[in-house]
Amino acid sequence: MGTFIGKLLRIDLTNRAYSKVEIPSDLYRDFISARGLSSAFLYKELAPGVDPLGPENKLIMSIGVLGGTGLQGFSKWAVASKSPLTGTIFRSISGGNFGPWMKYAGYDLMILEGKASEPLYVYVDPEGVQFLDASEIMGRDPLSTQELLKKKHGQHTEAACIGIAGERLVRYATVTSGQRTASRGGMGTVMGAKNLKAVAINTPVKKPAAFDKDKFQSLINKQIEILKAHPRRKNMTTLGTPYITTVVDALGILPVRNFQEGSMQQIEAISGDQFYELKLNKAGCHMCMTRCGGIRKVSQGPLAGSSIDGPEYETIYAFGPLLGILDRQFIIDANALCDFYGIDTISTGVCIAYLFELYEKGFLSSYELDGLSLEWGNRQTVFRLIEKIGKMEGIGKMLGEGIKRMSRHFSPEASSFAMHIKGLELPGYDPRGVKGYALSMGTSNIGGSHMYGRPREELSGKMDPLTETNKGASIARIQKEQALEDSLIACTFGNSGLDLEMYGQLLSAATGLESFESPEGLLQIGERILCIERCFNVREGFRRKDDSLPSRIVSEPLRNAGPCTGEIVKNFDGLLDEYYEALGYNKDGLPSAKKIADLGISYLAGDIPGVS
Ligand code: SF4
């Protein structure tokens, strides 16, 4: 099976026991690895209705079949679970070395289940697995946690861990490896609920051998040549994702002051070039020549004087225009503070923006404010609020529950500007100006994510972003492609110049499975993954009504947004019908029994009530 390792590590935290389990080859064939395999296991092993923060929930850490092989930009890793933020199936992807280390230790994935009676961390080495007391690392931030684990177990140890926010169950806590995070959906919260501070791996580097070594190596060489010449790769290496800010502003889809407007005066103050000026060094993930990250100095807070890898575009959006701020150093400092506590920068910024607008519109009483002044652009307040969220204290307790739960404290009128889909706070693209994004985010099985299907053609102007018909099939296809890429894991920022054909050749050379060579076959795997994720959510009670957009997006014209001024999403129902039809789902968003059978997964999902 070449670069498929063939084994998973099952870790039972309740009983402090573990086992190494063979992964059936038909699961590889049907779901490949990482997101696909994790979704299949979550569907199979989680009973409907489990409490995401209860011991019955499971957390799956995984790496793609092409990770750790020398291929560039394929060594990120994924963590998947039922999300405490959305109640849906969820996956979040991170860089750092943890994923390759898992593979070098001999596993394609790890399933963490149960709940430890006391806080602990799991230590994995060639001898096996140990369950070790976490009292020395509890209360520590992710960076110092990892330093301490390296000191204790050797510099060659790589860990995935949570910060204080994960311990205190902030619902959007992250999992950190190195300086990179699996940010979204509260995967760190699930770790915290299991009393699991970290998973540490100490293993010799042992690259998996490809099935056809010569062919695989020649494909790696070809990929390197493609990347060297690719303009997008060059842009990413120099500027990284911060270059996106001014592009999105020019399109009129940069969310400003909680999605009230779509562009901002003097946005150049936080452009890619401005962040480039502060870049001290390049940074990147294991085995990636794109190295899109940038090291920058922190000027305030507990990490003052040190430096971080950041910020990415999404963090610039969340602590910049979304809050009415144009201060690049402040954005770096807010990023560092979130990293220190271990919280998602997007969810944090969106929850704070909601609070600011509640204040602006008179929905907050003064006793709820903890003495803070909540005008747009108030950086000091934002900093204090991040601390309060990280510690889950004062008003931070409400913010740390996520925007959906937070909005329940206020009148229905106030929930109209709570910017989330299925409970996941929205990223930095206003869906009113890119209707394909509205459809993709609205139908995403993990909620309002920009990484569940990115309508590149609309964003680049190759397709009209403002029309609201004939988009269902293209968004269905884009989501299938993304599901496939997440199952490899091909980094969205590091896969420049690759296509389905190249993925097929790589997979076939790596694994010896010729069935992967067909681009149509690969798309069908993507569709199968989407389908099993939808089946998971259907079992949880999700239906068409949940494939919806925040009321601001469908009713309030976008202001100050250049070409998108005055836009709302008018025909979301029509787009939904198209999308469901393209995927063989019924009008209520349920896959048909025939579709499940056609995708060959009746053995997994042939028993869903209501599906016919
Ligand atoms: S392109 Fe950036 S995020 Fe992607 S693998 Fe490379 S360094 Fe990591």
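Residue numbers start from 1 in each chain and follow the sequence as written. Because the model is predicted, local features need pLDDT of at least 70 and side-chain atom pairs count only at pLDDT 80 or more, while totals for chains, interfaces and linings use all residues.

**View B. Where domain 1 touches domain 3.** The domain assignment, automatic or from a database, gives domain 1 (7–202), domain 2 (238–424) and domain 3 (430–605). Between domain 1 and domain 3, the C-alpha centres are 26 Å apart. Their contact draws on 34 residues from domain 1 and 33 residues from domain 3; two residues are in contact if their C-beta atoms, placed from the backbone, lie within 7 Å. On the domain 1 side, α1 (25–31), α2 (34–45) and β5 (89–94) each give two or more residues, and α2 has the largest share with 8 residues. Helices (H or I, at least four residues) and strands (E, at least two) are DSSP runs, numbered from the N terminus. That side has 15 nonpolar, 12 polar and 7 charged residues.

**View C. Helix α18 (residues 435–443) against helix α24 (residues 572–583).** The two axes come within 10 Å and cross at roughly 65°, which makes α18 roughly perpendicular to α24 (65 to 115 degrees). Axes are lines fitted to C-alpha atoms over the stretch in contact, with angles from 0 to 180 degrees between N-to-C directions. The crossing is right-handed, meaning the near helix is turned clockwise from the far one by less than a right angle. K435, A438, L439, G442 and T443 of α18 meet F572, L575 and Y579 of α24. That's 5 nonpolar, 2 polar and 1 charged residues.

**View D. Helix α18 again, now with helix α20 (residues 472–486).** These axes also come within 10 Å, crossing at roughly 55°, so α18 is oblique to α20. This crossing is right-handed. From α18 come G436, L439 and S440, and from α20 come S474, I475, I478 and Q479. The contact has 3 nonpolar, 4 polar and no charged residues.

Notes:
Ala, Val, Leu, Ile, Met, Phe, Trp, Tyr, Cys and Pro count as nonpolar, Asp, Glu, Lys and Arg as charged, and the others, Gly among them, as polar. Angles under 35 degrees count as roughly parallel, over 145 as roughly antiparallel, 65 to 115 as roughly perpendicular and the rest as oblique.
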